[in-house]
Amino acid sequence: MELLFTSTYYTSYQSTKDRCFYIDFGHKMVKVSFCQLLSLRYKAKQLSSHDHLEYMLSHCDVTLLTFCDKEHVIILDTLQVLDFTELIQGTFAMIELRTALTA
Amino acid sequence: MENIARQQISINLEVMDMLNQQIAKEQHSSSVYLAMASWCDQRGLERSASFFYRQSVEEREHMMKIFAFINNSGGSAYSPDVTNIAHEYASLKEVFELALQQEISVTQSIYKIVAKCRKVNDFGTENFLQWFVEEQMEEEQSIRDILDMFDLMGDAPLKLIDERIPKE
């Protein structure tokens, strides 16, 4: 497995052998396809939107993140949401960098 | 190291995001035209109502084209939320003026995506969007022609103007 990006709490990897990606959430390692990674990117955008963060700050400090067709569910607080967003942005920045380097 | 992501998707991710925003715009346009068709239908303006019903279907077809393109390219298309659709208009002329504004806004949005495609060398998507560039030119012109007709008809009764709205 090759390291893609590390944020404060989470880490992403690419596995050429398995042709997929892995995300280490600290308490568990989750295998995701590229399609599922795209879905996480979409969810990260939604969770880190101004409206959602404001809702979290004023109502409850936790949010549920379900992914891989509801196979996994994790609870994130505001800091973890921001960190998760950073992980996804960093992961896709690395993917894009590789695309540019191999073009 | 192999680039697994590039093997799965053939379009640029930022372009994909813009295409998803375009899906929302096309769906919004479809709903706006449906509201306009309803307004015309309720006032017995049958030709105008038919015109906007057709426009509504066309915009939905545009949305579906982009939707399919994203998914067929290995990306993820997202079904959009549609809100803030106006249902009140001051006159039939205002309806067509707003329709022209709507088309101009869609055209500008398409141009922005084409410009982005050129910037990031996403030639596949740029090629796909050429059809939309032509289509937008035609759609803007068809509404402009109707607005010209409003000016030429002056204070003619609304029914006479409605009868001159193109059937197809």
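Which residues of α3(B) are buried? The legends below take up this question along with other views of the predicted model.

**View 1. Buried residues of helix α3 in chain B.** The buried residues of α3(B) are B:Ser48, B:Ala49, B:Phe51, B:Phe52, B:Gln55, B:Ser56, B:Glu59, B:His62, B:Met63, B:Ile66, B:Phe67 and B:Ile70. They pack against four other helices of chain B, namely α2 (13–42), α4 (92–119), α5 (123–153) and α6 (158–163).

**View 2. Helix α3 of chain B from end to end, with the glycine that follows.** The helix covers residues 46–72, 27 residues in total. From the first C-alpha to the last, α3 of chain B reaches 39 Å, close to the 39 Å expected at 1.5 Å a residue. After α3(B) comes B:Gly74, which has a positive phi near 95°.

**View 3. Chain B as a whole, built from helices.** Chain B has six helices and zero strands, and its pattern along the sequence reads α-α-α-α-α-α. The C-alpha trace of chain B spans about 70 × 25 × 25 Å along its principal axes. Of the 168 residues in chain B, 32% are buried. Among contacts in chain B with a separation of 6 or more, 76% join residues 24 or more positions apart. The average pLDDT of chain B is 95, and 99% of the residues score at least 70.

**View 4. The contact between chains A and B.** Chain A contributes 15 residues to the contact and chain B contributes 12 residues. On the side of chain A that touches chain B, α1 (34–47) and α3 (78–102) of chain A each supply at least two residues. The most comes from α3(A), with six residues. Sorted by class, this side of chain A holds six nonpolar, five polar and four charged residues. For the complex, the predictor gives an ipTM of 0.82 and a pTM of 0.90.

View 5. Is A:Ile75 buried or exposed? A:Ile75 is exposed, because 9 other C-beta atoms lie within 10 Å and the cut-off for an exposed residue is 12 or fewer. Leaving aside neighbours within four places in sequence, A:Ile75 is in contact with A:Val62 and A:Leu64. A:Ile75 and A:Val62 are 13 residues apart in sequence, and their C-alpha atoms are 6.5 Å apart in space.

Conventions: Residues numbered from 1 in each chain as written. Chains lettered and ligands numbered in written order. Predicted model: local features only at pLDDT ≥ 70, side-chain atom pairs only at ≥ 80, totals over all residues. pLDDT = per-residue confidence, 0-100. Contact = placed C-beta atoms within 7 Å. Nonpolar A, V, L, I, M, F, W, Y, C, P; charged D, E, K, R; others polar. Buried ≥ 20, exposed ≤ 12 C-beta atoms within 10 Å, placed from the backbone. Expected span 1.5 Å × (residues − 1).
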